[in-house]
Every structure is written in structure tokens, then in C-alpha cells.
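Hi,

Here is the structure I promised to pass on. Have a look at it first, and then read my notes below.

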Amino acid sequence: MIRKSICAIAAAMLLGSPLAMAECELHIAVAEIKQGDEVSKAVENQLQMRLTRAAAAAGLAGDAYSSRFFLAGRFDKGFLDVTPGPSQKFLVKTTLTVYIGDGDDQKVFASKSFELKGAGISEERAYVNAMSRLNAQNAEFKAFVEEGKKKILDYYVNYAPVLLKKARSAMNQRDYDEAIYVASQIPECCPAYAEAEDLMLEAYNHRTEYEGDQLLAQAEAEWGADPTAAGARKAFDLIARIDPSASAKARANVLSKKMSSAVKEQWVFENVKKYEDALAMEKKRMANDHAFRMKVVDAAKSVAVARAQNQPKTIIRHYWL
């Protein structure tokens, strides 16, 4: 109970800080709503483009791959008129309602309606001109986005323990990419981020060790099957892919020296030397603990991005709004 209260107080402080909100990267997908007035594909694309730009300017990072949260808009009560005469103009009057919500739980966090008017040489151009108010400088839109961001942060404060438990379970099953991906969903401005970062680092280190052992085993198999220059080349290509921070590197060094002494070929000696030089430089860089930690965090986040992008991409359309 005390821990939960402390988290709530920390979250309230973060949410009340404009700096924290500005620096916090929250991921959101710009989605389609299949309700409301039907508009052309060009108008729909223009709306999504404007929402994407406005959201980015307000500190919401577009993420069509992994975010459960969405930003969307729909037109309602549209009125269209055409002026008579040779130089016709199309006049549009419509209500645009924008939403921020949770697509998984089908909840709306924030909504705002804008009464729009526009004129143009075509219906599409009239709609586009009507949407000119929709931008990050619009005070009403900014307030709407801030309300949605606070609700998303509230979600992470309350749901972070579930995400961390899920990430640790994946790590225990050696699904390190999944563990990193799940932990990476917790944003930096969430009180649980420090724990999430530690878990990402732990999962990444386990991943590094596991991959290093696998690569070394393959290298030893290649050399054992063919203890010639050709076998050494294949084995060394595998050894070169082992992360310098993995414990398997020390055993890989032993195998490299064994191959270089058995195979008297300049190619092997040159590459072993390059490998050893690169390893020495990497150890120097790793001497700075903070820099190394940040490097591993960045690498772990890259794993999370790759994990998200490799998932089947689902086009999000909301039928319940």
C-alpha cells in the first residue's frame, strides 16, 4: 500500500510537470474510424496526415506497430453546397471529432469536437481547407492532447507491474526479444521506468550470453567438421559475430588461437589480429560504466523496435466509436 502511494505521488508530480510531459515519449497510432460521414480516401489521408503532424508536435510518437493507444478523427453532420455559376465553389460545413483512446480495452481517454467550414474548387479541397484549424498551435487541440497524454500515463502507472511481470516471464522462458519489447513499452516518465530499464538490461545481457554460446558452439562444430583453412574461415565468421561483452568471447579467443596455429594461412592470422584489436578497443569503451549502460539500453531498444516491426502489421480501424 505504501509503495503504491509513493508511485501515485511520483506520478502526480510527473504529470504536473510540463518539462516531464514534454520529454516523455508516448507512442500512439493514428487510426481510422469506420463510422460517421463517408469522405473520400484523399480527405481521409489528409486527416491522418494532419493528425500525425499535430500529434508529433505535441510529443506523441507515431507507432503503427505496437501501440495500443490511438489518435483518430471522424466527420459528422456534414453539409455540402455548390455555388452556381461558371466558377463553381464547393462549400463544406462539418463537425470533426478527434479521439485519443485505448484500442485494446475500447476506451476513449479524451475527445474534442471542432465545427469546421471550408470552401474550394472541389469537395476534397473544401474539406482540406476546412481542416486548416487542426494543428498543434490550436489551443483547444493542445488541451485535448494533454488530457489524452495524462490518461495514457495513468494507464502506465497502474499497468506497469503487469508489464514487468509479463516481461520477466518471457525472459525466464528465454524469449529475450519479447521481454525487452514488453519492458520497453513503459515510458521514461513513468515511475516504474527504472525497473523496466534494469529488466531490459538484464534481458539483453542474457540474450548476449545465449547468442554468444550458440555462435561459439556453431564455430566449434564447423572447425571440428573441417579443421582446414576453409573450416577456419567459416568458424571465424561465426566468432566475429559474438558480442565482445559475452563470456563466450574468452573461449572464442582460445579457439581462434588454436585455429591460427593449426592453419598456416595469412588470411586467418590477419583476421584474428583484427578481431583481437577490435576486442581490446571494445573493452576500453566498456570501462566507462555509464556509457556502456546507455549503449546497452539503446541496443535493447533497437531489439524492441525490430521485434515490433517483425510482427504482422494490423490496420487499426475502430467500429465502436
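How many bridges join strand 5 to strand 6? There are 13 of them, and strand 6 (residues 107-120) runs antiparallel to strand 5. Two strands pair here if DSSP finds at least two bridges between them. Helices (H or I, at least four residues) and strands (E, at least two) are DSSP runs, numbered from the N terminus.

Before I go on, a word on where this comes from. This is a predicted model, where local features need pLDDT of at least 70 and side-chain atom pairs count only at pLDDT 80 or more, while totals for chains, interfaces and linings use all residues. Residues are numbered from 1 along each chain as its sequence is written, and side-chain values use heavy atoms, with hydrogens and water left out.

The whole chain

You'll find 11 helices and seven strands in the chain. Of its 321 residues, 41% count as buried (buried means under 20% relative accessible area, exposed over 50%, partly exposed in between, with a 1.4 Å probe and protein chains only). The accessible surface is about 17,600 Å², and 53% of that belongs to carbon and sulfur atoms; such areas come from the Shrake-Rupley method with a 1.4 Å probe, and for residues only the protein chains shown count as cover. Among contacts (heavy atoms within 4.5 Å) with a separation of 6 or more, 67% come from residues 24 or more positions apart.

Around strand 5

Towards strand 6, lysine 93 stands opposite lysine 117, and glycine 101 stands opposite valine 108. Strands 5 and 6 form a hairpin with four residues between the strands, where glutamine 106 takes a positive phi near 55°.

Another positive phi

Most residues other than glycine have a negative phi. Arginine 174 is not a glycine, yet its phi is positive, about 65°. You can find arginine 174 in the loop between helix 5 (139-172) and helix 6 (176-184), and it is exposed, with a relative accessible area of 54%.

Helix 7 against helix 8

The axes of helix 7 (residues 193-225) and helix 8 (residues 229-239) come within 8 Å and cross at roughly 175°. Axes are lines fitted to C-alpha atoms, for helices over the stretch in contact, and angles run from 0 to 180 degrees between N-to-C directions. The two helices are therefore roughly antiparallel (that label is for angles over 145 degrees). From helix 7, the residues involved are Leu215, Gln218, Ala219, Glu222 and Trp223, which meet Gly231, Ala232, Lys234, Ala235, Leu238 and Ile239 in helix 8.

Glutamate 222, in helix 7, is partly exposed at 30% relative accessible area. Leaving out residues up to four places away in sequence, glutamate 222 touches Gly231, Lys234, Ala235 and Leu238. Its C-alpha atom is separated by 6.6 Å from that of lysine 234, 12 residues apart along the chain.

Cheers

Notes:
Parallel < 35°, antiparallel > 145°, perpendicular 65-115°, else oblique.
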